Amino acid sequence: MMRACCKGVLAALLLVVTFPGSAAADPPGAAVATAHPLATEAALETLDNGGNAFDAAVTATATLAVVEPYGSGLGGGGFWLLHRQADGHQVMVDGREEAPGAATRTMYQNDDGELRERDSLDGPRAAGIPGTPAALVHITREYGNRSLAENLAPAIRHAREGIPVTEHYQRMAYFRRDALRESPAAAAVFLDDGDVPEVGDTLVQTDLALTLERLADDGLAGFYDGAVAERLVAGTREAGGIWTREDLQDYAVVEREPVRGDYRGVRVTSAAPPSAGGIGLVTMLNTLAGYDVHDATEVQRIHLQVEAMRRAYRDRRLYLGDPDFVDIPRERLLSREHARNLAQSLDPERATPSEALEDAQGGGRNTTHFSIIDADGNRVGATLSINYPFGSGFMPPGSGVVLNNEMDDFATRPGEPNAYGLVGGEANAIEPGKRPLSSMTPTFLETDDRVAVIGSPGGSRIITQVLLATMSFVDGLEPEFWVSRPRYHHQYLPDRIQHEPGAISVDTRRALVEMGHTVRPMLRRYGDMQVVMWHRGESRMAAESDPRGGGKAVVADD
Ligand code: DON
């Protein structure tokens with residue numbers, strides 16, 4: 001397979017951009033925001049010990065794998081958006097999971113072509129080949145100042161010393177209790193005699209510590225070859241999975257050129273395919289650029305944003321998938337002209353029913369995002385996932401690694417909605433070695449005065465969270481508002497505005513319904529946005545964690 005990675009081969013593909021103003025003085029200090037206090041503290045420890053933002057990102061990634069075992073981990077993948085201040089180099093490290101070589105288009109369907117729903121969600125058949133361990137090695141080697149062993153040390157310590165069970169942990173474990181019970185190795189670590197452990201209990205992850213140590217000592221081979229790989233393959237196959245040693249040996253991260261856009265003077269740098277995030281975000285912004293959104297009434301603003309969302313999520317279904325497998329008309333989708341075409345059917349006074357757009361069809365606090373700026377101005381925004389809480393719930397015995405269920409992000413049966421209600425298209429059909437389409441949207445927002453790193457979990461609602469935060473950035477509001485603001489979302493299908501409790505008032509709802517929208521309040525709030533921002537003009541840093549989650553955001557003096 002042509003999946004060569006790293007220096008040399010891909011260096012030619014990397015876009016080096018130096019923005020005006022980016023050579024301005026260094027930030028007054030570093031800022032870190034992650035979804036867990038222990039991960040934020042670990043990243044700060046790495047910065048204190050001479051690491052740069054990239055080292056700190058490796059530490060945060062590995063520590064989150066230990067302290068938020070339901071949210072991300074060595075058994076999963078993610079996207080790391082990097083900015084190196086010295087030369088303006090920006091890149092997205094694609095550590096997304098990959099379909100195993102024996103995967104087939106219809107592997108989750110029965111003989112009648114019906115979906116066997118749990119098959120792409122629970123157990124080893126739901127798991128793609130993980131990318132996070134390869135990304136830890138790659139980012140340290142190519143961008144860091146420190147050794148992998150140094151960067152992984154806090155995670156190993158937490159795995160050995162144990163992590164406290166919180167109420168949030170309990171909620172996640174209740175949700176996945178049945179799947180965890182099916183996997184004796186996972187149940188032994190994450191459950192207490194088959195049940196959810198008590199708040200305050202300590203969970204020790206000795207096997208995970210050993211696996212992290214292998215990775216620290218042997219690099220890629222420590223996970224993708226040798227004893228750990230053997231355990232992963234034997235464990236998955238004994239439980240009905242299809243992984244092979246070759247699948248693991250073949251895995252490599254891919255460096256991809258980020259997606260770029262410009263909205264009202266804000267430079268937007270975001271996730272490239274196989275994430276739908278950057279193209280979705282820029283398409284929505286390009287569409288909105290044709291309207292006076294920021295001075296509009298609330299009803300008008302929501303209407304215009306929702307109509308932009310509807311059209312961008314339709315594009316997602318039609319065009320987006322792993323760019324190594326499908327031809328994505330990237331330039332066209334990102335062009336202003338495309339946005340103008342999309343806007344031709346946009347009535348400023350009326351909702352456009354999704355089914356009226358030529359062709360109909362269409363991803364909580366599992367998954368995690370962190371944002372880091374170091375005192376030299378290097379930045380990392382990373383969104384990481386194992387998909388469901390505790391992924392597939394399956395842990396190959398002796399590995400300590402919970403495997404993802406990211407295979408469900410493929411169109412497991414084109415035309416049927418996945419766990420996030422997204423209806424996938426041909427471009428996202430399963431093929432061996434292909435990466436499932438994602439919504440993860442780590443993003444940089446930049447003007448000459450301000451630089452922000454943002455992102456959030458939330459399945460299909462990630463991209464619209466980042467859109468709303470971008471609108472708030474343009475409005476000059478502070479990150480405290482972006483992370484806490486009420487959220488609403490439209491994803492083309494189902495054809496309705498979904499909104500957090502209290503996000504849309506009775507009067508606004510009435511006006512939107514009169515315009516033809518279907519408006520549905522959700523039972524719960526969603527997302528766990530993590531933001532850091534450098535006010536270059538005022539030489540001030542800001543960091544915020546979403547109040548919906550239990551994260552920690554810190555501004556550290558230089
Ligand atoms: O890559 C994706 O789009 C999904 N696997 C992300 C899942 C997610 O954000 C779940 N969070 N609630």
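Because the model is predicted, local features were considered at pLDDT of at least 70 and side-chain atom pairs at pLDDT 80 or more, whereas totals for chains, interfaces and linings use all residues. Residues are numbered from 1 along each chain as its sequence is written, and side-chain values rest on heavy atoms, with hydrogens and water left out.

Strands, like helices, are DSSP runs numbered from the N terminus (E, at least two residues, for strands; H or I, at least four residues, for helices), and two strands are taken to pair if DSSP finds at least two bridges between them. Strand E10 (residues 379–385) pairs in the antiparallel sense with strand E2 (residues 77–83) over 7 bridges and, likewise antiparallel, with strand E9 (residues 368–373) over 6 bridges. Within E10, Arg379 is the bridge partner of His83, and Gly381 is that of Ser371. E9 and E10 form a hairpin with 5 residues between them, and Gly377 in the turn has a positive phi of about 90°. With buried defined as under 20% relative accessible area, exposed as over 50% and partly exposed as in between (1.4 Å probe, protein chains only), 7 of the 7 residues of E10 are buried. Arg379, Gly381, Thr383 and Ser385 point one way from this strand, while Val380, Ala382 and Leu384 point the other way. In the loop between helix H2 (53–67) and E2 lies Gly76, which is buried at a relative accessible area of 0%. The C-alpha atoms of Gly76 and Pro130 are 4.7 Å apart in space, although the two residues are 54 apart in sequence.

In strand E7 (residues 259–263), by contrast, one face is covered, with Val259, Gly261 and Tyr263, and the other, with Arg260 and Asp262, is uncovered. In a regular strand the side chains alternate between the two faces of the sheet. E7 is joined to strand E8 (residues 266–270) by antiparallel pairing over 5 bridges, in which Ser270 of E8 is the bridge partner of Val259. The hairpin formed by E7 and E8 has 2 residues between the strands, and Arg264 in its turn has a positive phi of about 50°.

A search of the whole structure finds 37 salt bridges, a salt bridge being a side-chain nitrogen of Lys or Arg within 4 Å of a carboxyl oxygen of Asp or Glu. In the salt bridge between Glu406 and Arg96, the closest N and O atoms are 3.3 Å apart; Glu406 is buried at 2% relative accessibility, and Arg96 is buried at 0%. Arg310 and Asp495 form a further salt bridge, with closest N and O atoms 2.7 Å apart, in which Arg310 is buried at 1% but Asp495 is partly exposed at 28%. A network of salt bridges links Asp94, Glu98, Arg256, Asp322, Asp324 and Arg435.

On the surface, Asp26, Asp376, Asp557 and Asp558 gather in a patch of negative charge, where patch residues have over 30% relative accessible area and no salt bridge, and like charges are joined within 9 Å. Asp557, found in strand E18 (residues 552–557), is exposed with a relative accessible area of 73%.

Technical notes
Patch = residues over 30% accessible without salt bridge, like charges linked within 9 Å, V, L, I, M, F, W, Y side chains within 5 Å. Areas by Shrake-Rupley, 256 points an atom, 1.4 Å probe, with all protein chains shown as cover. Lys, Arg positive; Asp, Glu negative; His and termini not counted. Charge placed at Lys NZ, Arg CZ, Asp CG, Glu CD.
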